[in-house]
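Here are some notes to read alongside the model, written as numbered points. Keep the viewer open and look up each residue as you reach it.

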Amino acid sequence: MKLKLTALAIAATFAAGSAFAAGEIVIKFSHVVAKDTPKGKAAEYFKKVAEERTKGKVKVDIYPNSQLYKDKEELEALQLGAVQMLAPSLAKFGPLGVKEYEVFDLPYIFDNYDELHKVTQGPIGQQLLGKLDSKGIKGLAFWDNGFKHLSANKPIKQPADIKGLKMRIQSSKVLDEEMRALGAMPQVMAFSEVYQALQTGVVDGTENPPSNMYTQKMHEVQKNLTTTAHGYLGYAVIVNKKFWDGLPADVRSQLEGAMRDSTIYANKIAKQENEDDLKKIAASGKTTVYNPTQAERAAFRKALAPVHAKMADRIGPDLLKSVQTATGFKAN
C-alpha cells in the first residue's frame, strides 16, 4: 500500500500542475461511509455549492464507501497528495499524533448537540483545527454525525452485560479504555470490514450512530441495540495544506464560503437522519431497540467515568478542563 500511495502521490503532483495550468482545479473528496449517510449527503452538498460558486473553476469528485481508501490509508493518501479532501472521524487524529482530538472520544463528554457545538464551533474547535497544520493538513470544519449506541447479539441493559464481548472500535486509546472499563475486549477494525466481522462472529458488537448502522446494514447482523448515547462520532473536514495554500485567493475564499454553508447543512441533517434511521432499525424487526431507564443510564455513566481521569494526561489536562467547563460536564 505504501508503494501504491507513493505512486499515486507522484501522479497527483503532475495532475495538479496540469489542472491548474488548464484553469480547472480538481478536488478528490474521499470518505469511507455510504452516500446516503449525513456525511455522504453533506459531501454531495459541498460539491454542488463549490462548483456553482466557482463557476466551473473547481470540480469536486466524490468517492464514498471506501472506494479509494480504507480508514487507515486515507490520511496518508491526503498527506501525500493522492487525494485533496477528506472528512475522517475525529478518532483518526490520535494515531496521527494529534492526541488532543481524542477528547471527542471520551464517554458522556457531551450530553447534547448544544454542548457539543460550544466546543466544535467555538475557540476550542478552532484551536484544534490549527493543530493539524504541522501534519501538512488544513482543518476546515467539524461535521456532526451523531451519538453512538451499543449493539450486540445479546441484550445490553447494564454495564455487566457487555463484559467479555469482542467490541469493534476505531483506533483510539480512549475508546480502547472505554471498552476495557466495561469489561469488553476492544477490537480495532476498518469501518468497511465491520459488517462481515459482525456477520461471521469475528466481533460480537459495535458502537455506532444509527445512521452508520442502518446504511451499512449492521442491524441485519445485530439482534440488539441499546440507546446508550454514550459517545459522540463526528468528523473534521480537512484538505492537503500545500494544495489549499496554492489555490488562487478568490477560489479559496469561495470554497471557504461553500464549506461554511455545507457545515450548517451537515449538522442540520445529522440529527434528523439519526432519529429517522433509529426508527427504521426498530421497524425492520431484525434488531430490538432498547431504551435504558434513568437508573440504567446512570450505571453506564458511573462505569465509564474513570476513563476521563485515566486519559487526562494523554489528551492534555488543560484541554480536558476547558472542554468540561464549556459544556458544564458533570461526572455523575
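1. Let us begin with a term: a salt bridge is a side-chain nitrogen of Lys or Arg within 4 Å of a carboxyl oxygen of Asp or Glu. With that in hand, look at E207 and K148, whose side chains meet in a salt bridge at 2.9 Å, N to O. E207 lies in strand β7 (residues 205–208) and K148 in strand β4, so the pair ties together parts that are 59 residues apart in sequence. Helices (H or I, at least four residues) and strands (E, at least two) are DSSP runs, numbered from the N terminus.

2. Before going further, a word on the source. This is a predicted model, in which local features need pLDDT of at least 70 and side-chain atom pairs count only at pLDDT 80 or more, while totals for chains, interfaces and linings use all residues. Residues are numbered from 1 along each chain as its sequence is written, and side-chain values use heavy atoms, with hydrogens and water left out.

3. Is E207 buried or exposed? Buried means under 20% relative accessible area, exposed over 50%, and partly exposed in between (1.4 Å probe, protein chains only). At 5% relative accessibility, E207 counts as buried, and K148 is buried too, with a relative accessible area of 2%. The side chain of E207 also makes a polar contact with the side chain of H230, at 2.6 Å. A polar contact is a pair of N or O atoms within 3.5 Å; within protein, one must be able to donate a hydrogen and the other to accept it, and residues adjacent in sequence count only if both atoms are side-chain atoms. Leaving aside neighbours within four places in sequence, E207 is in contact with residues including H149, L150, R168 and E178.

4. How many salt bridges does a search of the whole structure find? The search gives 17. One of them joins E102 and R314, at 2.7 Å from N to O. E102 lies in the loop between β3 and α4 and R314 in helix α12 (residues 306–315), so this pair ties together parts that are 212 residues apart in sequence. E102 is buried, with a relative accessible area of 1%, whereas R314 is partly exposed at 25%.

5. Another pair is E100 and K131, with their closest N and O atoms 3.7 Å apart. E100 lies in the loop between β3 (85–86) and α4 (113–120) and K131 in the loop between α5 (123–130) and β4, so the pair ties together parts that are 31 residues apart in sequence. Here E100 counts as partly exposed, at 22% relative accessibility, and K131 counts as partly exposed at 31%.

6. Now find D161, in the loop between β4 and β5 (166–169). D161 is buried yet has no salt bridge; the nearest side chain of opposite charge, K154, is 4.8 Å away. For charge, Lys and Arg count as positive and Asp and Glu as negative; His and the chain ends are not counted.

7. Turn next to the nonpolar residues. A nonpolar core is a set of buried Ala, Val, Leu, Ile, Met, Phe, Trp, Tyr and Cys residues joined through side-chain atoms within 4.5 Å. The largest one has 54 residues, and those with the most contacts inside it are F93, Y101, F104, L106, F110 and I238. Strand β4 (residues 137–152) supplies the largest share of this core, 5 residues. A second, separate core of 40 residues includes Y235, L247, V251 and M259.

8. The expected span of a helix is 1.5 Å times one less than its number of residues. For the 16 residues of α2 (residues 38–53) this should give 22 Å, and the end C-alpha atoms are 22 Å apart, which agrees. In α2, the buried residues include P38, G40, F46 and V49.

9. Finally, look at two backbone angles. Most residues other than glycine have a negative phi. K55, which follows α2, has a positive phi of about 50 degrees although it is not a glycine. K55 lies in the loop between α2 and β2 (58–63) and counts as exposed, at 72% relative accessibility. A229, in strand β8 (residues 224–240), has a positive phi of about 45 degrees and is not a glycine either. A229 is partly exposed, with a relative accessible area of 26%.

Terms used. Contact means heavy atoms within 4.5 Å.
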